[in-house]
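Visitor: Could you walk me through this model, and could we begin with the terms you will be using?
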Amino acid sequence: METNRIMEILDNFKNKNILIIGDIMLDKYIYGDVDRISPEAPVQVVNVKKEKYVLGGAANVASNVASLGCKTSICGVIGKDEAGKILISCLEEKKINRDMVVTDKLKISTQKIRIVGQSQQLLRIDYENTIYISPAVEEEIIKKLMEKISLYDVIIISDYAKGTITNYITATIIKNNNKVIVDPKPKHKEFYKGAYLITPNLKEASAMSGIEGEDENSISSIGQHLLEEMNSHILITCGARGMYLFKKDREFYRLPTKAKEVYDVTGAGDTVIATIASSLSSGATLREASYIANYAAGIVVGKSGTASTAVEEIKNEIKYDKSRFS
Ligand SMILES: Nc1ncnc2c1ncn2[C@@H]1O[C@H](COP(=O)(O)OP(=O)(O)OP(=O)(O)O)[C@@H](O)[C@H]1O
Ligand SMILES: [Mg+2]
């Protein structure tokens with residue numbers, strides 16, 4: 001891969017428009033000290049010292065895209081609740097456009113609360129309601145989407161199967177924009193046919209294809225199968241083993257991970273799709289986009305929590321990596 005060309009792609013991110021549509025989530029972290037057992041029940045008592053809110057799900061993908069410097073918009077639903085208000089202010093803080101965030105009164109905002117004492121997670125509390133958005137909300141989203149759909153260089157569908165992504169929505173997007181890339185959930189496989197690129201992890205790819213096995217031969221069969229069935233390019237992410245790109249023209253690339261140290265793999269998939277989108281919007285080929293995303297993922301797995309990276313950091317990582325071999 002020619003380094004100057006890669007640097008040029010990375011320099012282009014700032015002028016691009018990217019839309020993320022999907023399940024918006026809020027992650028709340030409650031940190032505290034634990035030094036006694038409750039007199040009421042045999043449970044630990046956490047004396048809260050700090051609280052933190054972080055964007056999750058599709059909103060974390062948006063956060064990653066924004067960190068990469070692109071003009072970022074998000075489309076999805078929140079509930080008529082406190083978590084919804086906090087989500088809006090977190091999106092605002094990251095300068096993510098939220099004109100297409102719709103309130104669905106029949107749903108609640110998806111929120112995951114993690115209680116952490118002495119650096120150890122003690123409990124997770126989930127608020128979610130995975131019913132599909134109502135037909136009225138679906139219409140409202142489609143209407144908003146159609147007003148601007150041609151403005152986006154790339155559209156990311158970030159599906160966590162919490163009810164935002166419907167077949168009507170994906171079909172409309174895929175029909176009207178030719179750079180739609182999908183982080184899929186196997187149960188919605190039929191929704192994504194004809195998208196430009198689909199980026200399942202190995203477990204999802206296996207479930208989508210109905211082919212089991214984790215060895216290279218199985219991965220190859222899974223990739224070939226999905227290529228044909230979905231009529232999309234396929235990027236299978238494979239955790240510590242990196243990623244496998246299957247192109248519709250039958251070209252195939254294997255990209256070993258670039259991670260130097262692994263601290264927290266949460267959200268690596270979100271970083272991958274965010275970086276692929278930014279790179280494609282800047283004119284990268286699929287192979288170049290995957291190459292850059294592999295470095296970006298390698299950086300975030302070395303950070304704590306659901307992290308993101310920036311263009312300078314990716315550039316430095318690539319330059320450092322290249323210098324080791326020249
Ligand atoms: N343990 C690891 N060691 C090295 N690199 C990793 C590791 N886990 C993830 N990566 C990097 O991150 C990329 C995406 O990771 P992975 O395949 O786990 O995605 P994912 O399962 O969709 O993640 P998530 O859904 O938790 O965000 C990998 O292709 C690789 O580049
Ligand atoms: Mg994933």
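Guide: Two strands pair if DSSP finds at least two bridges between them, and helices (H or I, at least four residues) and strands (E, at least two) are DSSP runs numbered from the N terminus. This is a predicted model, in which local features need pLDDT of at least 70 and side-chain atom pairs count only at pLDDT 80 or more, while totals for chains, interfaces and linings use all residues. Residues are numbered from 1 along each chain as its sequence is written, and chains are lettered from A and ligands numbered from 1 in the order in which they are written.

Visitor: Fine, so in what order do the strands of the open sheet run?
Guide: The open sheet has nine strands in the order β5-β4-β1-β8-β9-β10-β11-β12-β13, with mixed pairing. At the edges stand β5 (97-103) and β13 (252-255), and because each has a single partner strand, one side of each is left without a neighbour in the sheet.

Visitor: What about β8, is it buried or exposed?
Guide: Five of the five residues of β8 (residues 154-158) are buried, so the strand is largely enclosed by the rest of the structure; buried means that 20 or more other C-beta atoms lie within 10 Å of a residue's own, exposed means 12 or fewer, and partly exposed is in between, with C-beta atoms placed from the backbone. Val 154, Ile 156 and Ser 158 point one way from β8, while Ile 155 and Ile 157 point the other way.

Visitor: And which strands pair with it?
Guide: β8 pairs in the parallel sense with β1 (residues 17-22) over five bridges, where Leu 19 has Ile 155 as its bridge partner. β8 also pairs in the parallel sense with β9 (residues 180-183), over four bridges, and there Ile 157 stands opposite Val 182.

Visitor: Where does the sheet have an antiparallel pair?
Guide: β11 and β12 (residues 243-246) run antiparallel and are joined by four bridges, with Leu 235 opposite Leu 245. The hairpin of these two strands has five residues between them, and Gly 239 takes a positive phi near 50° there. Towards β10 (residues 197-198), β11 (residues 233-237) runs parallel, joined by two bridges, and Ile 198 stands opposite Ile 234. Both faces of β11 are covered, His 233, Leu 235 and Thr 237 being buried on one side and Ile 234 and Ile 236 on the other.

Visitor: Switching topic, which residues come nearest to ligand 1?
Guide: Of the 21 residues around ligand 1, those that come nearest are Asn 201, Thr 237, Ala 268, Gly 269 and Ala 297, where near means a C-beta atom, placed from the backbone, within 6 Å. The largest share of the shell, four residues, comes from α8, and α8 (268-281) and α9 (286-300) each supply at least two of its residues.

Visitor: Last one, which residues have the most contacts inside the largest nonpolar core?
Guide: They are Ile 74 and Ile 292, in a core of 89 residues. α9 gives the most to this core, with ten residues. A nonpolar core here is a set of buried Ala, Val, Leu, Ile, Met, Phe, Trp, Tyr and Cys residues joined through C-beta atoms within 7 Å.
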